[in-house]
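Work through these exercises with the sequence and the structure open. Try each task before you read its solution.

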Amino acid sequence: MFDIAGQPQSAWQSYVSEYVPQSLREAVAHLADEFTAAYLLDCLILEKGLRSRLLSNSTRQPNTPLTTDERSDRFAMLLRLWAEGCHTVVDERLFADTARRRPEELEALREYFRQNALRSRKKFPS
């Protein structure tokens, strides 16, 4: 399995950067001093989970936090699936774990999506 922690950041950093839309960066820009690949990957997990409308109660499940190795394995599996064209695949457990680790980013992305939904409705009146 592709070990993210054991790989030089450049081995997967450019891949992650390709899939992080500018809108995601804008949504969390006020929270991050620096956009590292690991930070962007966490935000991408959150963004994909929100877009796939994962239930908010999935973040409230009493799951034990994932270990660094478990997170790395799950990230690697997602990166591989995304690279193979499965762009909407989301790991629910990883999403819940990341949401617990980055609640401010989750809320910033939710708010960003709400604002964009409101703007879209204004453009296309019923």
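**Exercise 1.** Is G49 buried or exposed?

Solution. Begin with the ground rules. The model is predicted: local features need pLDDT of at least 70, side-chain atom pairs count only at pLDDT 80 or more, and totals for chains, interfaces and linings use all residues. Residues are numbered from 1 along each chain as its sequence is written, and side-chain values use heavy atoms, with hydrogens and water left out.

Step 1: learn the scale. Buried means under 20% relative accessible area, exposed means over 50%, and partly exposed lies in between (1.4 Å probe, protein chains only).
Step 2: read the value. G49 has a relative accessible area of 0%, so G49 is buried.
Step 3: G49 belongs to helix α3. Helices here are DSSP runs of H or I with at least four residues, strands are runs of E with at least two, and both are numbered from the N terminus.
Step 4: list the partners. Contact means heavy atoms within 4.5 Å. Neighbours within four places in sequence aside, G49 is in contact with L54, V90 and F95.

**Exercise 2.** Classify A83 as buried or exposed.

Solution. Step 1: find A83 in helix α4.
Step 1: apply the scale. The relative accessible area of A83 is 52%, so A83 is exposed.
Step 2: look along the chain. Y19 is 64 residues away from A83, and their C-alpha atoms are separated by 9.8 Å.

**Exercise 3.** How many helices and strands does the protein have?

Solution. Step 1: count. The protein has 6 helices and 0 strands.
Step 1: write the order. From the N terminus, it reads α-α-α-α-α-α.
Step 2: Of the 126 residues, 37% are buried.

**Exercise 4.** Which residues touch the most other members of the largest nonpolar core?

Solution. Step 1: define the core. A nonpolar core is a set of buried Ala, Val, Leu, Ile, Met, Phe, Trp, Tyr and Cys residues joined through side-chain atoms within 4.5 Å.
Step 1: name the residues. The largest core has 27 residues, and L24, V28, I45, W82 and L109 touch the most other members.
Step 2: find the sources. At least two residues each come from α2 (22-28), α3 (37-51), α4 (68-83), α5 (92-101) and α6 (103-123). Helix α3 gives the most, with 8 residues.
Step 3: zoom in on L24. L24 sits in helix α2 and is buried, at 2% relative accessible area. Leaving aside neighbours within four places in sequence, L24 is in contact with C43, L44, E47 and L109.

**Exercise 5.** What kind of aromatic pair do Y112 and F113 form?

Solution. Step 1: set the rule. Rings of Phe, Tyr and Trp (its six-membered ring) pair if their centres lie within 6.5 Å; planes under 30 degrees apart count as stacked, over 60 as edge-to-face and the rest as tilted.
Step 1: count the pairs. The structure holds 2 aromatic pairs.
Step 2: classify. The ring centres of Y112 and F113 are 6.4 Å apart and the planes meet at 65 degrees, so this pair is edge-to-face.
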